[in-house]
Amino acid sequence: MARVAVIGAGTMGHALALVFALGGHRVRLTDSNPETLARAQGLMEKALATLAAGGEAPAEWTSAHLAQAVTRHESLEETVDGAELIVEAIIETPEAKRALFERLDALAPAEAVIASNTSHLDVFPLIPARRQRKAMIAHWYTPPYLVDLVDLVPGPDCDPAAVDGVEAMLVAMGKKPVRLRKFVPGYVANRIQAAIGLEVQHLLDEGVASAEEIDAAIIHGLALRWPILAVFAKADFTGLPLMQAVLANRSYSPPPVRGRSETLDRLLAEGRTGVLAGAGYYDWSGKDPAALFEERDRRLIALKRALRGIGTMAGLERRL
Ligand SMILES: NC(=O)c1ccc[n+]([C@@H]2O[C@H](COP(=O)([O-])OP(=O)(O)OC[C@H]3O[C@@H](n4cnc5c(N)ncnc54)[C@H](O)[C@@H]3O)[C@@H](O)[C@H]2O)c1
């Protein structure tokens, strides 16, 4: 059992506190906004209830159990007192992160590991020199209590043993860390997702297909085989000569990076910002957003369970 401090209790922070608590660790959670810190309790309880109902959290985990495993603290000093792992999950601005790392340098135990959840920032130049030996990125995906991938990126001067330690801790928690050799914005999964994002918005803007039709192509085509074959095992089944021919024929060229999408601009001008607003690409009106998030989580749980039974052929069997 490690003592874990989670800094930031927003969309990611409260969920990460829950994940580490369920992983058997003692968690202290803080946020610079007291209202966000207070709200975190209810959000963790709701997520825990969904997980327990789906058999993904022990049934004996009551709210009282959770309140013991995750304590909330308004003071940063108290939060990091005795911490072995510090999970940074505050807002994504270099200024805020730099200021926090400087405070952590003054307050945190000398041997504490600092693991940033940054989505895109190269945080390592923002971290004081004497903390570099224990500085890394551990980047999670939402909701982190159901999506198991964690991108692990050692800082340039990070002690490999510190990364080994965090990797082992994550594996013991049932997570699937993927260790990268160096920082690259977006890591692996988000870079691929960004490339897909460019393509689908291009297809929509060009009127090639509707959002529903593009989603159908993903669900019935790509997504169906991804859990079994991912991309390289799929290439092995296709045969590598075809991959070579596609490259040689220049059959595909990516859409131009224009920095905008007419469809997206129109939807946003109409206030269609997504599920929370009742509409985005789809119409979600008349449905309670909390119920929609719960439904998403229930389906993810069912899918994970099925996939565990099916297994993968992508050379990752041990990782399922
Ligand atoms: N939202 C996602 O899907 C997602 C996924 C992976 C990674 N991330 C990354 O995780 C981090 C947090 O993202 P989020 O979506 O949870 O943001 P969020 O805005 O929901 O939460 C950030 C929280 O940090 C708090 N905060 C700001 N400065 C602070 C400080 N100095 N000390 C303590 N608390 C402070 C804010 O009050 C806020 O509650 C970002 O780096 C983001 O890039 C987000």
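**Exercise 1. Work out how many residues of helix 10 are buried, and look at what follows the helix.**

Helices are DSSP runs of H or I with at least four residues, strands are E runs of at least two, and both are numbered from the N terminus. A residue counts as buried if 20 or more other C-beta atoms, placed from the backbone, lie within 10 Å of its own, as exposed if 12 or fewer do, and as partly exposed in between.

- Step 1: Find helix 10 at residues 240-249. Residues are numbered from 1 along each chain as its sequence is written.
- Step 2: Keep in mind that this is a predicted model, where local features need pLDDT of at least 70, side-chain atom pairs count only at pLDDT 80 or more, and totals for chains, interfaces and linings use all residues.
- Step 3: Count the buried ones among the ten residues of helix 10: you get zero, so the helix is hardly covered.
- Step 4: Go on to Arg250, which follows helix 10 and has a positive phi near 50 degrees.

**Exercise 2. Describe how helix 1 and helix 2 pack.**

- Step 1: Take helix 1 (residues 13-22) and helix 2 (residues 34-53); their axes are 9 Å apart and the angle is about 55 degrees. Axes here are lines fitted to C-alpha atoms, for helices over the stretch in contact, with angles from 0 to 180 degrees between N-to-C directions.
- Step 2: Sort the angle: under 35 degrees is roughly parallel, over 145 roughly antiparallel, 65 to 115 roughly perpendicular, and the rest oblique. Helix 1 and helix 2 are therefore oblique to each other.
- Step 3: List who meets whom, where contact means C-beta atoms, placed from the backbone, within 7 Å. From helix 1 come His14, Ala15, Ala17 and Leu18; from helix 2, Ala40, Leu43, Met44, Ala47 and Leu48.
- Step 4: Sort that contact by class: eight nonpolar residues, one polar and no charged. Ala, Val, Leu, Ile, Met, Phe, Trp, Tyr, Cys and Pro are nonpolar, Asp, Glu, Lys and Arg charged, and the others, Gly among them, polar.

**Exercise 3. Find the residues with the most contacts inside the largest nonpolar core.**

- Step 1: Such a core is a set of buried Ala, Val, Leu, Ile, Met, Phe, Trp, Tyr and Cys residues joined through C-beta atoms within 7 Å.
- Step 2: The largest one has 59 residues, and Leu18, Ile86, Met136 and Val166 have the most contacts inside it. Helix 1 gives the most to this core, with eight residues.
- Step 3: Leaving aside neighbours within four places in sequence, Val166 touches Leu85, Val113, Ala115, Met136, Ala138 and Leu152.

Conventions: Two residues are in contact if their C-beta atoms, placed from the backbone, lie within 7 Å.
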